[in-house]
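This report covers the surroundings of a ligand and the pairing of aromatic rings. The sequence and structure are shown first.

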Amino acid sequence: MIDVCNIQVMKPLLAEHGFHFSKAKGQNFLIASWVPQQIAEDAGVDETAGVLEIGPGIGPLTQQLALRAGKVCAVELDFRLKPILAQTVGEFSNLEILWDDVLKQDIPALVKEKFAGLRPMACANLPYYITSPILTALLEAECFESVTVMVQKEVAQRIAAKPGTADYSAFTIFCQYYAEPEILFDVPAGCFMPAPKVTSAVITLRTRKELPWQIDDKDTFFRTVRASFAMRRKTLQNGLASGFPELGKAGAGEVLTECGFDPGVRGEKLGIEEFATIANAIYRRKNHV
Ligand code: SAM
């Protein structure tokens, strides 16, 4: 197997095919072999797993996944990588590469078609310019057992943040609604070529089989969350009044009091359970339930 993390091997390989890194496509390739090995190990990939990889690049993680998984399906946007991947991962019969934009995929349909009888997982060293849309699509697909990805360290901290901290955001709640996050390890910039300007971290999101909260209406729940974080410096009453003009300021205050909260409380202090209580009260009020 070609050691694609070895610069002495990788540079001539890229030169042979006239390949130049594309910043616009988020191309920072791994050159530290412990990283893809650790990602595949920590993700729990074995022969019972069907793994969707996003952006195989020249294949360092793809190799480690294909060595362990029942099947790997990798989606890569940059067609210039085709002859290189043919050399680095062409030997794996359990690997299929789709040459397309991952954001254009019907992910639940893809998982159903490619991974029948296997435990679906997603694993990737993500292109950072589209971290949020990719994570959103992977979690909303609701078909993976886990999603294990390399992201910017600050994004990993945002995903795993606790209420009341500076990193806590609407995106935190979105991710934690679907999954339980755990930051696994940091990856220094020197582990990539070219080196990015930021430190990276690998995070795993174990998706929830059942929600531990009573949420009467998902749309109202996420609208409540967005309204609460849209104006971080304002009180929750003002945030809700802006996000739900039909409630008005007085109605927003009534909802909060009814739920046992001080209308002056800040949204960033509340956990998912508390947002669920408020969203359920708004939903009942709007629907006269
Ligand atoms: N997995 C390789 C590694 O760890 O060295 C490459 C990771 S690099 C950070 C991100 C990869 O995602 C690149 O190969 C890039 O071409 C690919 N990519 C960028 N945008 C994409 C998209 N919309 N759909 C699929 N792949 C994409």
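## Ligand site

On a 1 Å grid over the protein atoms alone, a cavity is a set of points where a 1.4 Å probe fits but cannot get out. A molecule sits in a cavity if more than half of its atoms lie within 2 Å of its grid points. The ligand sits in the largest cavity. This is a predicted model, in which local features need pLDDT of at least 70, side-chain atom pairs count only at pLDDT 80 or more, and totals for chains, interfaces and linings use all residues. Residues are numbered from 1 along each chain as its sequence is written, and side-chain values use heavy atoms, with hydrogens and water left out.

## Shell and contacts

Around the ligand are 24 residues (a heavy atom within 4 Å); Leu 30, Gly 55, Glu 76, Asn 125 and Tyr 129 come nearest. The shell consists of 12 nonpolar, six polar and six charged residues, with Gly counted as polar.

Polar contacts are pairs of N or O atoms within 3.5 Å. Ligand oxygen atoms lie 2.9 Å from a side-chain N or O atom of Gln 27 and 2.8 Å from a polar backbone atom of Leu 30. A ligand nitrogen is 3.0 Å from a backbone N or O atom of Val 102. Of the 590 Å² of accessible area that the ligand has on its own, the protein covers 99% (Shrake-Rupley method, 1.4 Å probe).

## Aromatic pairs

With ring centres within 6.5 Å as the criterion, there are 16 aromatic pairs. Phe 171 and Phe 174 are stacked (planes under 30 degrees apart), because their ring centres are 6.1 Å apart and their planes at 10°.

Key
Polar contact = N/O pair within 3.5 Å; in protein donor to acceptor, adjacent residues only side chain to side chain. 1 Å grid on protein atoms, 1.4 Å probe; cavity = no way out; pocket = protein on both sides within 12 Å on 5 of 7 lines; lining within 4 Å. Phe/Tyr/Trp six-rings, centres within 6.5 Å; stacked < 30°, edge-to-face > 60°.
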